[in-house]
Amino acid sequence: MLGTLELEQRNTCTYVFSSRKSLTTVQGLKKEYCYTKILKDLKKEFCCNGTVVQDSELGQVIQLQGDQRKDVSTFLVQAGLVKKNNIKIHGF
């Protein structure tokens, strides 16, 4: 169940914390986007919790509870934030 989602040539990961819980991270979005507004929409759309964290190497990273890889990629494409050919989902 370990996987990643890549946006605009940056890796994002889904880390397994226990046998049932996972965390989906999204990174590599444009810096001018408001990450907190994107997070708010993602949380509302997928009924999950999440946060925006600052990483020293990767910049701002959106973290969502659960395995949301497919849903997040579809959401970002439909919202017009990224193009489908710039997204890579790892772990499937």
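# A tour from the helix pair to the strands

Select helix α1 (residues 35-46) and helix α2 (residues 69-78): their axes come within 11 Å and cross at roughly 125°. That makes α1 oblique to α2, where angles under 35 degrees count as roughly parallel, over 145 as roughly antiparallel, 65 to 115 as roughly perpendicular and the rest as oblique. The axes are lines fitted to C-alpha atoms, for helices over the stretch in contact, and angles run from 0 to 180 degrees between N-to-C directions.

Now show the side chains between the two helices. On α1, the contact is made by Ile 38, Asp 41, Leu 42, Glu 45 and Phe 46, and on α2 by Asp 71, Val 72, Phe 75 and Leu 76. Contact here means heavy atoms within 4.5 Å. By class, the contact of α1 with α2 has 6 nonpolar, no polar and 3 charged residues. Ala, Val, Leu, Ile, Met, Phe, Trp, Tyr, Cys and Pro count as nonpolar, Asp, Glu, Lys and Arg as charged, and the others, Gly among them, as polar.

Before going on, note what is on screen. This is a predicted model, in which local features need pLDDT of at least 70 and side-chain atom pairs count only at pLDDT 80 or more, while totals for chains, interfaces and linings use all residues. Residues are numbered from 1 along each chain as its sequence is written, and side-chain values use heavy atoms, with hydrogens and water left out.

Colour by pLDDT, the predictor's confidence in each residue, from 0 to 100. The mean for the protein is 81, and 77% of its residues reach 70 or more. Among the elements, α1 has the highest mean pLDDT (95) and strand β2 (residues 13-16) the lowest (44). Over residues 8-18 the pLDDT is below 50, and this stretch has 46 contacts in the model beyond near neighbours in sequence.

Switch to a cartoon of the whole chain. The protein has 2 helices and 6 strands, in the order β-β-β-α-β-β-α-β from the N terminus. Helices (H or I, at least four residues) and strands (E, at least two) are DSSP runs, numbered from the N terminus.

Next, select Cys 47, in the loop between α1 and β4 (50-55). Cys 47 has a positive phi of about 50° although it is not a glycine. Most residues other than glycine have a negative phi. Cys 47 is exposed, with a relative accessible area of 74%. Buried means under 20% relative accessible area, exposed over 50%, and partly exposed in between (1.4 Å probe, protein chains only).

Move to Gly 50, in strand β4. Its C-alpha atom is separated by 8.5 Å from that of Lys 40, 10 residues apart along the chain. Leaving aside neighbours within four places in sequence, Gly 50 is in contact with Leu 39, Lys 43, Gln 63 and Leu 64.

Then take Ile 62, in strand β5 (residues 59-65). Ile 62 counts as buried, at 0% relative accessibility. Beyond four places in sequence, the contacts of Ile 62 include Thr 24, Val 26, Tyr 35, Ile 38, Leu 42 and Val 52. Thr 51 is also in contact with Ile 62, and their C-alpha atoms are separated by 5.9 Å.

End at Lys 70, in helix α2. Lys 70 counts as exposed, at 51% relative accessibility. From Lys 70 to Ile 89, 19 residues apart in sequence, the C-alpha to C-alpha distance is 7.5 Å.
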